[in-house]
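These are my notebook entries on one structure. I took the elements one at a time and wrote down what I looked up.

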Amino acid sequence: MSEVPQRPQGASPGPDARAAHPPPAERSRAALGLAAAAALGRLELQVCSECGAVQYPPREACHRCLCGELKWQPQSGQGELICETTLHHSYEPYFRDRLPWRIGMVRLDCGPTVITHVRAGVSCAPCRVRIVARLDQAGQAALIALPERETGDGAADMAGDPRLQELTREPDHGAPQ
Amino acid sequence: MRQRRRTGYENAVVAVPVTVPYVRYSPHGAHWFIAHALRALLERSGLAKSDLDGLCLSSFTLAPDTAVGLTQHLGLSLRWLDHIPMGGAGAVLALRRALRAVDCGDASVVACVGADTNHSDSFRTTLGSFSQFTQDAVYPYGAGGPNASFALLTAYYMRAFGARREDFGKLCIAQRENALRYPHALFRKPLTMQQYLDARPIAEPLRLFDCVMPCAGAEAFLVMSRARAQDLGVAFGRVLATMERHNSFPEDPIQTRGGWALDREELFTQAGITHRDVDFLQTYDDYPVMSAMQMEDLGFCGKGEAPEFIRSHTLTIDGTFPVNTSGGQLSVGQAGAAGGYLGMTEAIRQVTGTAEGTAVPDARFGLVSGFGMINYDRGLCCGAAILAGSRA
C-alpha cells in the first residue's frame with residue numbers, strides 16, 4: 001500500500017475545517033420542541049394531554065393512549081445511568097475527529113430511557129445522574145448527563161470536558177484562542 | 001374467548017437454498033444481487049422464470065425502488081408480492097408469509113430473497129436515516145451505528161448476568177471454526193482467544209471481532225407445495241412451527257430479552273419436539289450478546305444462564321450444541337438484509353442433507369432465529385422457525 005498522507009506538522013484543521021463537519025443536524029419535525037427548550041437551557045419532554053405519559057424520543061402521538069395532543073413540559077432530568085460505552089469508532093467526521101466519545105443510557109425517573117452524551121466527572125454506570133439539554137454546534141438539542149448533584153443551570157457546566165464544551169458552544173464564539 | 005389453535009404448514013415446503021457469494025464492496029446495485037439470486041433459484045429448481053408467481057423481498061439498498069419497482073426492473077410478472085423491511089427477522093417473516101400464500105393457493109412458487117449491495121459509503125447513508133428515532137435520538141450521540149447500541153446492551157448484560165468477554169469469545173471462535181468449512185465466508189483464518197480479547201476496541205466492551213463486517217451479497221430460497229417440489233425432484237424441508245413478535249416487553253428499561261420468550265412454548269408445542277431434539281441452532285448473530293439472549297429466550301437455558309451454557313458446551317459443527325454452522329454473520333459477513341437470511345439458507349441445507357462441509361451429522365431438526373431493527377434503543381422484531389427434513 002502507498003504511504004498514508006500525513007497532516008503537516010503543527011497545522012491544525014482550524015475552525016473552518018471543523019465547521020465543514022458539524023455534528024449531525026437532521027431531525028424530525030416532532031423533535032423541534034426539544035431544541036426550542038434547549039435554546040432556553042431547559043430540558044422539556046413531551047407529555048400526553050390526556051393520560052400524562054412522558055415520552056422520548058419525540059413522537060407524533062402518545063405511545064400509551066394514542067392521543068395526538070402532546071405538550072412540551074419541563075423535566076428534572078433526574079435518573080440512573082444504567083449503562084455506558086466509550087466509542088472508538090464513528091461514522092460521522094465530527095465525532096471521528098474527537099474520539100474517544102462517551103455515551104450512555106439513562107432511565108429517567110419520569111419514565112423514558114434516553115441515550116445521552118456523558119460528561120467527564122460522571123462516575124461509571126450504574127450511578128445517579130441529571131440530564132440537561134443544550135444546543136449543539138448544529139443548532140439541535142443535545143442531551144448531556146451530569147453528576148446528579150450538579151444543578152445544570154450555568155454556562156460553566158461543561159468546564160472540564162473540552163469535547164462537550166466545544167459541542168455546546170454557541171457557534172458565534174468561534175474557535176478557542 | 002379461547003384462542004384458536006394455530007394451523008400448521010401441511011402442504012407448503014421450503015427448498016433450493018441459494019447464496020450469491022459475498023464481496024466486501026460492490027459497484028453493483030442491490031438489483032444485481034437479487035437478479036443473481038433469482039437466476040440461481042431457477043437454475044437449481046428447473047423452473048422457468050414465468051413459473052415464479054410470488055416474491056418476498058428484503059433489502060436496505062434498493063432505494064428509491066421498492067419490491068414493485070423490481071418486478072419491472074427484472075421483468076417479473078407476479079400475482080403475489082411482499083416487501084419486508086425488518087432486517088434480521090426478514091427470512092423468518094418471509095417464510096411465514098410465503099408458506100401461507102402457497103398453502104392457501106394465492107401463489108404457487110414464492111421466491112424469498114434477502115439481498116444488499118455495499119458501496120464505500122452506503123452503510124453510513126443507511127445508518128443516519130435508519131428510523132425517525134435513530135435520526136432524532138441515537139445517531140447524533142456519537143454516530144456509532146449499531147456498534148454503539150449493542151455496546152450499551154452488552155455492557156448492561158455483562159454486568160447484570162456476569163457474562164465475561166471470554167464467554168462471547170468462545171462463541172465467536174467456534175463460529176470462525178465453522179466458517180473455515182463454509183465456502184462463502186469472507187473470514188478465512190482461525191481466530192484465537194488472544195486475538196479476540198486483544199482486538200481493537202470499537203465501542204467498549206465491544207472489540208473488532210464482536211462486530212459484523214458489512215458486505216454485499218444475497219441469500220434466497222423457494223417456497224412451494226410439497227407436490228411441486230416432488231415433481232421438480234428438489235430436496236425440501238418442512239416447517240414445523242414459526243413465530244414472530246414485534247416490540248415485545250416495551251416497559252423493560254433496557255433490552256435483556258426478546259419476543260421469543262413469549263412464544264417458545266407454543267413454538268415447540270406446535271412443532272411437536274423438545275429442545276433436546278434440536279440438532280442445531282442458527283441465531284441472528286449481529287453481536288454475540290444477541291446470540292446469548294436468543295439461547296435463553298428460546299428456552300435452551302434460563303435468563304442470564306447463556307454464559308454458563310456457552311462455557312459448558314462445544315458450539316462447533318461437531319460439538320454438543322452446534323450454533324451458526326456456516327460461521328454466522330460474524331465470520332461470513334453481513335450482506336445487509338441477506339444477514340437475516342444466512343441462518344435460514346444454512347438451516348435448509350442442513351435438513352435437506354446438502355450442507356456438505358458444514359453438515360451436522362444426522363441433523364433432523366433445526367431452529368432458525370431472526371432478530372431485527374434497532375429502531376431506538378432495542379431490536380424490535382423477533383422471529384423463529386423450526387425446520388425438519390422431508391423424512392424427519
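**Entry 1: helix H11 of chain B.** I started with helix H11 (residues 288-297) of chain B: ten of its ten residues are buried, so this helix is largely enclosed by the rest of the structure. Buried here means that 20 or more other C-beta atoms lie within 10 Å of a residue's own, with exposed at 12 or fewer, partly exposed in between, and C-beta atoms placed from the backbone. Helices (H or I, at least four residues) and strands (E, at least two) are DSSP runs, numbered from the N terminus.

I noted the buried residues of H11(B), among them B:Met290, B:Met293, B:Glu296 and B:Asp297. Their cover includes H6, helix H7 (165-179), helix H10 (260-271), helix H12 (306-312) and strand S10 (365-374) of chain B. Contact means C-beta atoms, placed from the backbone, within 7 Å. After H11(B) comes B:Gly299, with a positive phi near 95 degrees.

**Source note.** The model is predicted: local features need pLDDT of at least 70, side-chain atom pairs count only at pLDDT 80 or more, and totals for chains, interfaces and linings use all residues. Residues are numbered from 1 along each chain as its sequence is written, while chains are lettered from A and ligands numbered from 1 in the order in which they are written.

**Entry 2: helix H6 of chain B.** I turned to H6(B), one of the elements covering H11(B). H6(B) has 17 residues and spans 25 Å from first to last C-alpha, close to the expected 24 Å. The expected span is 1.5 Å times one less than the number of residues. In H6(B), 13 of the 17 residues are buried. Just after H6(B), B:Gly162 has a positive phi of about 70 degrees.

**Entry 3: the contact between chains.** I looked up both sides: 30 residues come from chain B and 31 residues from chain A. Which helix gives the largest share of chain B's side? H6(B) does, with seven residues. By class, chain B's side has 19 nonpolar, seven polar and four charged residues. Nonpolar covers Ala, Val, Leu, Ile, Met, Phe, Trp, Tyr, Cys and Pro; charged covers Asp, Glu, Lys and Arg; the others, Gly among them, are polar.

A:Arg27 counts as buried because it has 22 C-beta neighbours inside 10 Å. Beyond four places in sequence, A:Arg27 is in contact with A:Gln140, B:Gln135 and B:Asp136. A:Gln140 is 113 residues away in sequence, yet 8.0 Å away C-alpha to C-alpha.

**Entry 4: the sheet of chain B.** I traced nine strands in an open, mixed sheet, ordered S3-S2-S4-S7-S1-S8-S11-S10-S9. Strands pair if DSSP finds at least two bridges between them. S3 and strand S9 (280-282) of chain B are the edges, each with a single partner strand, so one side of each has no neighbour in the sheet.

I then checked strand S2 (residues 54-58) and strand S3 (residues 80-83) of chain B, which pair in the parallel sense over four bridges. B:Leu57 has B:His83 as its bridge partner in S3(B), and B:Leu55 has B:Leu81.

**Entry 5: two packed helices.** Last, I looked at helix H3 (residues 90-104) and helix H14 (residues 339-351) of chain B, which pack at about 65 degrees with axes 7 Å apart. Axes are lines fitted to C-alpha atoms, for helices over the stretch in contact; angles run from 0 to 180 degrees between N-to-C directions. B:Gly90, B:Ala91 and B:Leu95 of H3(B) meet B:Gly340, B:Tyr341 and B:Met344 of H14(B). I count four nonpolar, two polar and no charged residues there.

Conventions. Contact = placed C-beta atoms within 7 Å.
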